[in-house]
Amino acid sequence: SRAWFRLDQVSRNPPTPRKEHRRLVALYLGRMPTVPASLNATGGCTVSSASDIDSETASNATETSTSSCRSASKIGVALKQAKREARRLQMRIKFPALLLGAILMGSSMWWVYTSWTATSAANMFVRDTLRSLGCIAWLCACLPSDRRAPKMGCFLLFVLGVKCAWWHTNTAYQYMKGHMDEKCIIEGEETDCWLGAFTIYGQTVLYDSMHLWQLPYLAYGMWLPPRASNARQWVALAWLHFTKGASDFLVILPAIAFRASRSGDVPYAVIGFSMLHGIYAVCMGLMLRSPRFRQRVHFTLMAQSGALTAAASIAAFIGNKRTGNIIDIATNTCRYVSLDKVTKEDMLKSTPDSSLRALSQSCRLQDIDAFLSHSWHDPAGPKWEALQCWRQKFLKQNHREPRLWIDKYCIDQGDIDASLMCLPVFLAGCHSLLILAGPTYLSRLWCVEEVFVYLQMGRPVESVELYAMCPDMPDLISAFDVHNATCSKDVDRQTLLATIEAGCDSFEAFNLQVRMALEHASKVSLYP
């Protein structure tokens, strides 16, 4: 169908995501005429604007909603194509970044021990800058949506930290053993041994102190969600830069100043390169430690490579799981519950109840009329009224009870993770998305993710219905920010944010698309 073709096709001339974002901002503010921008493979965070949807004919809407594309086989083919296309596009980032990092690191493989002369100070600055940029290039090859690469990166940085700590400690020990005389020869010049000892021991203390914090920090990062592990790599590298800057300003420059006061023949170039080295290290550390900088780097790289696609977003959601296994699990566990079997008492309680699964029944993916998206933190009374309001509307149009996918009734409480892994399949199979939005709906990341995945799977925005359960819902929608959305488990939050980063130009672009989709979907409100 047309909806699935949008997800699977690969345009040879994809629009620039940033330009698309700006166009959508203009649409949102009503500053330019609308141009169809339905979800497609080159605009993963793009949905149709309200006026686009209103201009669609009823026949097209009916064709999309009744199409056989929601069968398990068609969804399976789409998921396979999404994963294959996501891998191909991401290699546009990973391979150049890995190659650039290897070239930079290979170009810095020479030893410089001190900064006493202009040549050594310049060589040290160039060497450490190349190593810094090489490490950053390698970090750029590790995307937030990757599952294994962030943990492997934490491990490699841990090994590098151990090696660095050993090298500094061993250098200080060897210096203490071999320089017991009053005078020492450093880079061909005679100097006080205690000044060399101050330089070497000072750097050793700074770096070993940093590694005492960095190594446990990285070790724990190997057990965190991939996105959190990825962030720890950047922070660990930031602290390495901070330590280098501290060694320049607290150790190297004071030693140079003292030596200049004693002999008066220290070249200005030595002071200049040492100061420049320290300033670079501190500035780069501040940028690496900033979450906004890290996100902007990844968003920019993915936008320029054309990897910001619906396919990438869905591939990030299902991760390394085999598509065939996901389809098999979804087919075997797909269920719906007839709305006449849902009671108000059951909807009042947010706690899982395995006995409710007996009220649902197995079905094909295309048998589900609507996927119910709601927050269990919202008040149950208005939610029940909204659900009955929608039920009466459905009965009037179809003359039968609606069949819904409701988490409490349809998820296997003994294997929740498997059911959630199949969420894109369930959402793609449903005829519509029914949103019962109360005061807390937009603050729950799982709820917003359901809307996002539903649209990323190629489902039309006109099949989304939102029933507002609070009078200020328009204000909540216009103020929505994904940074304020939370999950009960941090591992879920990190995973969901990674899927957004894989398919959107920025978090603000995601916020804009959610606002536009929900504003159009606000078809009924319990508060006139």
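Trainee: In what sense do β5 and β6 pair, and what makes them a pair?

Mentor: β5 and β6 are parallel, with two bridges between them. Two strands count as paired if DSSP finds at least two bridges between them, so β5 and β6 qualify. A strand here is a DSSP run of E of at least two residues, a helix a run of H or I of at least four, and both are numbered from the N terminus. This is a predicted model, in which local features need pLDDT of at least 70, side-chain atom pairs count only at pLDDT 80 or more, and totals for chains, interfaces and linings use all residues. Residues are numbered from 1 along each chain as its sequence is written, and side-chain values use heavy atoms, with hydrogens and water left out.

Trainee: Which strands does β3 join, and in what sense?

Mentor: β3, residues 335-338, is antiparallel to β4, residues 361-362, with two bridges. β3 also runs antiparallel to β6, again over two bridges. R335 has S362 of β4 as its bridge partner, while S338 stands opposite R403 in β6.

Trainee: Why is H211 called buried?

Mentor: Buried means under 20% relative accessible area, exposed means over 50%, and partly exposed lies in between, using a 1.4 Å probe and protein chains only. H211 has 3%, so H211 is buried. H211 belongs to helix α8, residues 193-221. Leaving out residues up to four places away in sequence, H211 touches G161, C164, A165 and P216; contact means heavy atoms within 4.5 Å.

Trainee: What makes L286 and H399 exposed?

Mentor: L286, in helix α10 (residues 268-289), has 53% relative accessibility and therefore counts as exposed. H399 has a relative accessible area of 69%, so H399 is exposed too. H399 is in the loop between α15 (380-398) and β6 (403-405).

Trainee: What makes a set of residues a nonpolar core?

Mentor: The members must be buried Ala, Val, Leu, Ile, Met, Phe, Trp, Tyr or Cys residues joined through side-chain atoms within 4.5 Å. The largest such core has 77 residues, and L404, L434, I435 and F510 have the most contacts inside it. Helix α19, residues 445-456, gives the most to this core, with eight residues. Another core, of 14 residues, lies apart from it, with C135, I136, L237 and F242 among its members.

Trainee: Why are α19 and α22 called roughly perpendicular?

Mentor: Angles run from 0 to 180 degrees between N-to-C directions of axes fitted to C-alpha atoms, for helices over the stretch in contact. Under 35 degrees counts as roughly parallel, over 145 as roughly antiparallel, 65 to 115 as roughly perpendicular, and the rest as oblique. α19 and α22 (residues 507-521) pack at about 85°, with axes 11 Å apart. They are therefore roughly perpendicular. V448, V451, F452 and L455 of α19 meet F510, V514, A517 and L518 of α22.
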